[in-house]
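Please have a look at the structure before reading on.

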Amino acid sequence: MGVLMSRRQTVEKVQKVSLAVSAFKDGLKEQPSARRRAEAEGSRRGTLEQTVQEGEDEASAGPSQAEESSSSSKAAWERLRDGRGVEPEEFERANRFTPPAFSRPTRELHDDEPPDISLEQREQVVNDEMCEICEVWTAESLFPCRICSRVYHDGCLRRMGYLQNDSAVEVTETAHTETGWSCNYCDNLNLLLTEEEMYSLMETLRQCKIIPDTCLTLDDFLHYKHLVHKQQFEKPMGEAQEERATLQFSALDPEKKGHIEWPDFLSHESIQLLQKLRPQNSLLRLLTAKERERARAAFLALDQDSDGLITEKECHKARHSWFRKHQKDAPSCSVSISHVGPMSESSPASSGSSKSQEKTLLATEQEEARPVDWPTFLRENVAYILAARPNSAAVHLQPPA
């Protein structure tokens, strides 16, 4: 079956012809420089400590290298502010599409009012018919997002720079399964922040000397958490908070690499900021129809006697279940959510495991008595539902034990 050409695809073809003419006029001079930029970008990705050391070496080498480093750092901050990933200039000129303009969300006056999300009234979830990028329908070759209604061609995702070789296999294997795949919009929790919230996060990162696009070790992560806690509460972080931060680091590093990737750190900080600045009613309005339907199914499965109530223990069980996203990565996921009970001896915070076990047992006894209805279930789980959006196996918001 042939495919129809939309207006956007026609415009894209005209753009490609214009780019081809420009490339013919300019020659192949820009290709080596683009390759050098890509190599330089790859070499800049490392831990925060390595990046700081490289910055000091460049500063001592001479003004020209320092200016180049400052320019790349400025570009990284601009990408962070605008919610962008790869710059259009870094795509292959002959094959790339024009990235869509992205506008950060804005707060509405009624956002803080409780939304009407009924347990009995189910919602009909329907995916879009045409690819989000090229606006062409080709039936089975479209990959749906598990969070929103958008669908994509894998070829369009590649040309936009959203799909690399490693992730291509994941998309084809999981997009049509129960596990599902999140599109580039839903995969990045930072895109949920408004401009004001984004500037607040950027200012915090600058004050704590966090450099965008770098990985963070446990020492980097704890140092950052100590600074943020002191700024917010004007007192040092306690032992319990440091233990929780260590557990969060382990959850963000399920493969035990010894560092957390920048996208995972950014998503974690974004959901933390949303919890801090927005009421739960506002967060509930961020849920999509697919997420609300999944929450209904989870609650109804726990409500065995159909009285509209579940126990707090069952509520906590559902909270952890949101992160069972990667069935093929079962070992990694089991490590990430294994802190429902006692911590393993290999945990970085195992020194306080006995205290944690006692607290867990006491909390388990107390939580049995409190019933949880549907609105309370949604409010208490909404942050964890949002935090489970990224495709990464990392747990971006570690549920309490």
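1. A word on the ground rules. This is a predicted model, in which local features need pLDDT of at least 70 and side-chain atom pairs count only at pLDDT 80 or more, while totals for chains, interfaces and linings use all residues. Residues are numbered from 1 along each chain as its sequence is written, and side-chain values use heavy atoms, leaving out hydrogens and water.

2. Side chains of opposite charge can pair when their charged atoms come close. How many salt bridges (a side-chain nitrogen of Lys or Arg within 4 Å of a carboxyl oxygen of Asp or Glu) does a search of the whole structure find? The search gives 15.

3. Start with Glu 123 and Arg 296, whose side chains meet at 3.0 Å, N to O. Glu 123 is in the loop between α4 (63–82) and β1 (142–144), and Arg 296 is in helix α13 (residues 289–302), 173 residues apart. Helices (H or I, at least four residues) and strands (E, at least two) are DSSP runs, numbered from the N terminus.

4. Arg 296 also forms a salt bridge with Glu 293, with the closest N and O atoms 2.8 Å apart. These two are three residues apart in helix α13, so about one helical turn separates them. Arg 122, Glu 123, Arg 292, Glu 293 and Arg 296 are linked in a network of salt bridges.

5. Is Arg 296 buried or exposed? Arg 296 counts as buried, at 2% relative accessibility (buried means under 20% relative accessible area, exposed over 50%, partly exposed in between, with a 1.4 Å probe and protein chains only). Glu 293 is buried at 13%, and Glu 123 is partly exposed at 25%.
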